Amino acid sequence: MIIYKTKGWLDAIWHFHTGSSAVSLLKRLSVVTIYVTVVTVIELRYLDLRLTDTPSQYVQALGILLSLLLLFRTNTAYDRFYEGRSTWGALVNTMRNLSVMFNTMLPQEVRADRLFLTKTISNFAVALKNHLREIPQLAELELVEDWQQKEFESVDNWPNEVVNQLRGRVEQLYANRILTDAQLINLNDQINRLLDVSGICERIKSTPIPFSYSLFIKLFTVFYLGILPFTVIEWFGYMTIPIMLVTSYFLIGLEMIGVEIEEPFGTDRNDLPLSQLAHRIRVDAHEIMRLPVAKEDKMAAKPDFMIVN
Amino acid sequence: MIIYKTKGWLDAIWHFHTGSSAVSLLKRLSVVTIYVTVVTVIELRYLDLRLTDTPSQYVQALGILLSLLLLFRTNTAYDRFYEGRSTWGALVNTMRNLSVMFNTMLPQEVRADRLFLTKTISNFAVALKNHLREIPQLAELELVEDWQQKEFESVDNWPNEVVNQLRGRVEQLYANRILTDAQLINLNDQINRLLDVSGICERIKSTPIPFSYSLFIKLFTVFYLGILPFTVIEWFGYMTIPIMLVTSYFLIGLEMIGVEIEEPFGTDRNDLPLSQLAHRIRVDAHEIMRLPVAKEDKMAAKPDFMIVN
Amino acid sequence: MIIYKTKGWLDAIWHFHTGSSAVSLLKRLSVVTIYVTVVTVIELRYLDLRLTDTPSQYVQALGILLSLLLLFRTNTAYDRFYEGRSTWGALVNTMRNLSVMFNTMLPQEVRADRLFLTKTISNFAVALKNHLREIPQLAELELVEDWQQKEFESVDNWPNEVVNQLRGRVEQLYANRILTDAQLINLNDQINRLLDVSGICERIKSTPIPFSYSLFIKLFTVFYLGILPFTVIEWFGYMTIPIMLVTSYFLIGLEMIGVEIEEPFGTDRNDLPLSQLAHRIRVDAHEIMRLPVAKEDKMAAKPDFMIVN
Amino acid sequence: MIIYKTKGWLDAIWHFHTGSSAVSLLKRLSVVTIYVTVVTVIELRYLDLRLTDTPSQYVQALGILLSLLLLFRTNTAYDRFYEGRSTWGALVNTMRNLSVMFNTMLPQEVRADRLFLTKTISNFAVALKNHLREIPQLAELELVEDWQQKEFESVDNWPNEVVNQLRGRVEQLYANRILTDAQLINLNDQINRLLDVSGICERIKSTPIPFSYSLFIKLFTVFYLGILPFTVIEWFGYMTIPIMLVTSYFLIGLEMIGVEIEEPFGTDRNDLPLSQLAHRIRVDAHEIMRLPVAKEDKMAAKPDFMIVN
Amino acid sequence: MIIYKTKGWLDAIWHFHTGSSAVSLLKRLSVVTIYVTVVTVIELRYLDLRLTDTPSQYVQALGILLSLLLLFRTNTAYDRFYEGRSTWGALVNTMRNLSVMFNTMLPQEVRADRLFLTKTISNFAVALKNHLREIPQLAELELVEDWQQKEFESVDNWPNEVVNQLRGRVEQLYANRILTDAQLINLNDQINRLLDVSGICERIKSTPIPFSYSLFIKLFTVFYLGILPFTVIEWFGYMTIPIMLVTSYFLIGLEMIGVEIEEPFGTDRNDLPLSQLAHRIRVDAHEIMRLPVAKEDKMAAKPDFMIVN
């Protein structure tokens, strides 16, 4: 995720045009340039296609429908981005609540359990981040008891497993009468929220905009850009080429931002700072439980960097 | 549901135009083609209807209202698609939570109950999928106790019956003091969510966009496409025919995607991968409860296929 | 509610134009026809009003604002329709959950209570339907104990009374120790949902779109239709009359669908199938509680009819 | 709130134009009339400003942006109106639920408590209505115990105080073992909803649309109306004056309805019928608790009046 | 936050144009003025660029897409503003509920605990306000027990710490049997809401609209404003300069209001009155708990000022 607070406009524009989608955008613009150049030269030098008479109201009607479809694309992509962000925000809130609850419910005597629960809270965010980015890294998890490693290795879905361990410990403390009925009931909703968060993220990741719409909008854009030069060539002459290039840049670019935004859990420049949020959760859990945390974690939890993954 | 990650554009376009709605789309486009050809030939060869003088602002005003109505259609259809997907996503989350709860609350001694509950969790998703697709298949359900078959055969609504069996077992464990008051309270919300999911899916399936709107938008599109050729014929001549064909393709196609998307529980190409999600639930429930699951189930739970039902 | 799955287009269009709003639509279109005819004849035969010079951009600007307002009307009307449908959907879910809960919590010995609760669940949907349609029919309710009739007759709001009876029985079973604390807590949310459903429906029914907006949109449509003929008369000549008629049909029709949809609890053709949903609840409650239900009820619960109230 | 079911159109239009915002609307329209008259006379009689050459696409672009902004204004105002109505609807539901709960949980022996709670339920809606309308009237509250008056007089926020009294009595009944743990838990959510309702209403009342947007839209409208006559004067001549007047009526009127709707708790013609809803709550609470209620209250709870405050 | 109820229009416009964003707006408008002047002079005096032939439909299509994007910007910014306001509104409601609960659950004997909880409720809103505005001020918090200061100084996130102290005291009262199981369960949801509020505010603050969209809309505006003068210069002549200035004012201004609104926790003129809301919470908590509060606090809780931070 890019957060520009201090840097200037030019840097921002530069950054924006060097990501991976920028490359893809350039490819498409090259195709447009070739097409427009060919069309312009043929029209102006050789033969006059009937298409230059395209009446304005027809092109405008197309333009309005295309604008509305692009806005629909933008709105749905943004909604997913925002839902992804809100969901991770809810995870931060839940983890803080669980930390406060464990801190105030569990006596200092059950030191091992307090440590285990704090580390498990930290682990969930890390496991979810890696699950969404499909990078299974056991090393990033903080295991405090011996049996944990074997359990993780025997299952596929690590966020599920972390919750299994968390609730397992809670039920055990309840069976041992360290937690009362009322406390178990109070903890329940917050623990259930964890797998809700994990499932919502999986859903956002696995369900893009229906393929029909995505393809349809692409085809429409191609048709519109294909017919547009004919309607302006008479007025612009050879200036049609740069004008068409800029127009294509805006139409294609808008569609591509949609594609990039709607799956916000990767490491693209517009994606969410999952790594920072996971560190935030780790730092807060430790601070609330009055346990020490490494200074690097504290640094990584701050949103001050230019580019944050 | 189609997920194109690896294949190219051309394959995608080909696929898109070979489904069942594609056939229906072609039929309608044929009608348009015949109409436009007749109109064009008559206008250019024989008589000049007054309609060619249709002023541009009139057609544009129609075009804007039609575009807004098509967007309304698209938005409502997409909302249903998304609500359907979110609801099945919520089912996955609930089932994982129930699995974790049963795993940590029930001691290993009640092995039969653990098995029964795991299988019942798996059965719900399968029963709901078949209920929505109206294919009653008892064979797909995993029955572990003898009385179950008779019960299923005596009722019509299988998702209701699965929940009846699930809650029946939970209340029995509570009566036998294996589950405490607090645990029964904690399980309650998650169990209630199951019939919420089932009812929401039934509602989406049985309530399309109000018929008046659906018909109204169709009539409006027909009128617009009927009057459009007259306004461009003067400029395009015989090119009116291909231009109108493409225009009709976009207007009619947009409406048809709406129809296809708004009921997302079938087996159309844009529909939701219910079968895969049901397998996902089965695999996760078994993994969390530490019960073995068939390898084919694990395969079927992965979203890697080109076309997933 | 009309559900066309099998019948053809022509039937659908015929049906659509024979309802009560169709009559009202025809009346308004007659007024438009008279006005346009008078204007056209005067303009073409006698005097040239200055209005025929109305510049296109002015009419277009009006057209865009009017289109956006009609879409606003359509969106808000549809939202109410959808909220009404979702609310009744939630009622179905709640009733199924309550049935499953009563079935699994109450032992077979309290047969009278099981019967009373099943019938009371069925009664709520019927009472709510009749309350919304303002047809107080005691005969449709299934009373199983003698005191019920007197109670119903002494109060005005029957849905409230049904819930009073339902919760009264639950609290009594709790006082008699047949329901435990945990079970009473679990039942609570579902019972509370009933009066939420009833209140939401009352609200949708009693609060249409603010009168100012409704009137404003009507006035705007009248003004637009009043000025439109002058801007096209020059081009269309006497064809202005049929063209204006079709245009009015779309603009007035769109507004009228909004009026019809936004109060979806009546028996108009677009209204919700409350009667069918109430039967659905009755059938499911009996099936879940393993009580017999009349075959006619089962038939009436199916959504297969052409027109369902 | 105006509800027109029986009266005709002309009455409705008359009513609409005699409220307090109508006066304000007339004032603004007078300013527009003067401006347009001056501009028209100067243009047509004396000098030709360059502005009459304003190209159509420029004015149209302005018109589209202005239309979208007015729609944004309309949508946000309507959302507040609807949120206000839904919130009061939720209050009705909550109060009915609380009445049913108190009726079925409390034995007939604690007659004084039953009376106190019924009256307190009625009081909350009245206190909230008066709090929102800033008319502190102790007389409208029904006090049944001596200490209440002194308490009300010692605090500023009466809705808070009513809830304080309500929960105070509930906790006292719990301390006296008349309410059990489970019953106290069940009552909790409904009681908490009361202050949620009160806070949401206060928020809607105190937070209009951000001032920047409100001012911005006003300035934009002024600029658009200031430039519009120049673009039509050539075509309309002296008819520019009435045409501009009607146009201003629609643009300014739309903005003013927004202002009126977005704070729906006053006594304007479009505002919510708070008084009727408060009576509705009083009547229902008494009916459910089987306590007598005055006939005037029953009358005032019905939505049948032409104009309901 | 600016609330204009009594002052006139001119004051409002003056105020609006003297904030910090106004300065920024002026800078941008100066750039536009220079550009337009240069273009106009060159075009009219020296050479005729081909661009003046830009066809109207092209510029209009751009204008429509830009209008829709600006509306998207406005909608998303407003949604954040509204979410921020609603969240603080929810905080007010929660705090009142907690105050009522503590007042009615805790006997007068535990005077020290009642005082501590009231002050802690007040502290949360203040700590959150300062946390969001990044001004750590211990002096504004009301500490009533000695150990508190040390705790605050040892942690970074003060809202977390306040909740830690609040729940710590509640769990202690529960361990001491002053609060029962049912009361602890009832308090739980309200306490959990506090960190939800705090997390939602942090999320709104740290996640602006995705950078791509923000930059894209800026670039599009620049391109549109760059090409617009050529299309009107022929008609307007030197009047192009003031006309362009006003147009730029509206386009750039709309985008800038979006930037200002979307992070509503600062002390800009459109920002939320956090300080007033925090005082509101303090005053209400004390009033409900029957504790005295300073008169200045009461004054600061009122929304009557012209400009409220």
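How many aromatic pairs does the count come to over all chains? The count comes to 58. Rings of Phe, Tyr and Trp (its six-membered ring) pair if their centres lie within 6.5 Å. Planes under 30 degrees apart count as stacked, over 60 as edge-to-face and the rest as tilted.

Before you start: this is a predicted model, in which local features need pLDDT of at least 70 and side-chain atom pairs count only at pLDDT 80 or more, while totals for chains, interfaces and linings use all residues. Residues are numbered from 1 along each chain as its sequence is written, chains are lettered from A and ligands numbered from 1 in the order in which they are written, and side-chain values use heavy atoms, with hydrogens and water left out.

**Stop 1: a ring pair in chain B**

Select B:Phe116 and B:Trp147. Their ring centres are 5.9 Å apart and their planes meet at 35°, so the pair is tilted. B:Phe116 belongs to helix H4 (residues 111-133) of chain B, and B:Trp147 to helix H5 (residues 147-154). Helices are DSSP runs (H or I, at least four residues), and strands are runs of E (at least two), numbered from the N terminus.

Buried or exposed? B:Phe116 is buried, at 0% relative accessible area. B:Trp147 is partly exposed, at 37%. Buried means under 20%, exposed over 50%, and partly exposed in between (1.4 Å probe, protein chains only).

**Stop 2: a ring cluster**

Now select A:Phe72, A:Tyr213, B:Tyr78, B:Phe81 and B:Tyr82. Ring pairs link these residues into a cluster.

**Stop 3: chain A**

Colour chain A by secondary structure. Chain A has 11 helices and 0 strands. Of its 309 residues, 64% are buried. Take the contacts between residues at least 6 apart in sequence: 76% of them join residues at least 24 apart. Contact means heavy atoms within 4.5 Å.

Zoom to A:Ser214, in helix H8 (residues 211-236) of chain A. At 12% relative accessibility, A:Ser214 is buried. Leaving aside neighbours within four places in sequence, A:Ser214 touches A:Ile209 and A:Glu255.

**Stop 4: two helix pairs in chain D**

Show H4 (residues 111-133) and H7 (residues 181-206) of chain D. They pack at about 15°, with axes 11 Å apart. Axes are lines fitted to C-alpha atoms, for helices over the stretch in contact, and angles run from 0 to 180 degrees between N-to-C directions. H4(D) and H7(D) are therefore roughly parallel (angles under 35 degrees; over 145 is roughly antiparallel, 65 to 115 roughly perpendicular, the rest oblique). H4(D) contributes D:Phe124, D:Leu128, D:His131 and D:Leu132 to the contact. Among the H7(D) residues are D:Leu194, D:Val197 and D:Cys201. The contact residues divide into 6 nonpolar, 2 polar and 2 charged. Ala, Val, Leu, Ile, Met, Phe, Trp, Tyr, Cys and Pro count as nonpolar, Asp, Glu, Lys and Arg as charged, and the others, Gly among them, as polar.

Next, show H2 (residues 20-46) and H8 (residues 211-236) of chain D. This pair packs at about 30°, with axes 10 Å apart. Its contact includes D:Tyr35 and D:Val39 of H2(D), and D:Leu225 and D:Phe230 of H8(D). By class, that contact has 6 nonpolar, 2 polar and 3 charged residues.

**Stop 5: two arginines**

Most residues other than glycine have a negative phi. Select B:Arg290: its phi is positive, about 60°. B:Arg290 sits in the loop between helix H10 (274-288) and helix H11 (295-300) of chain B. Finish at E:Arg290, with a positive phi near 60°.
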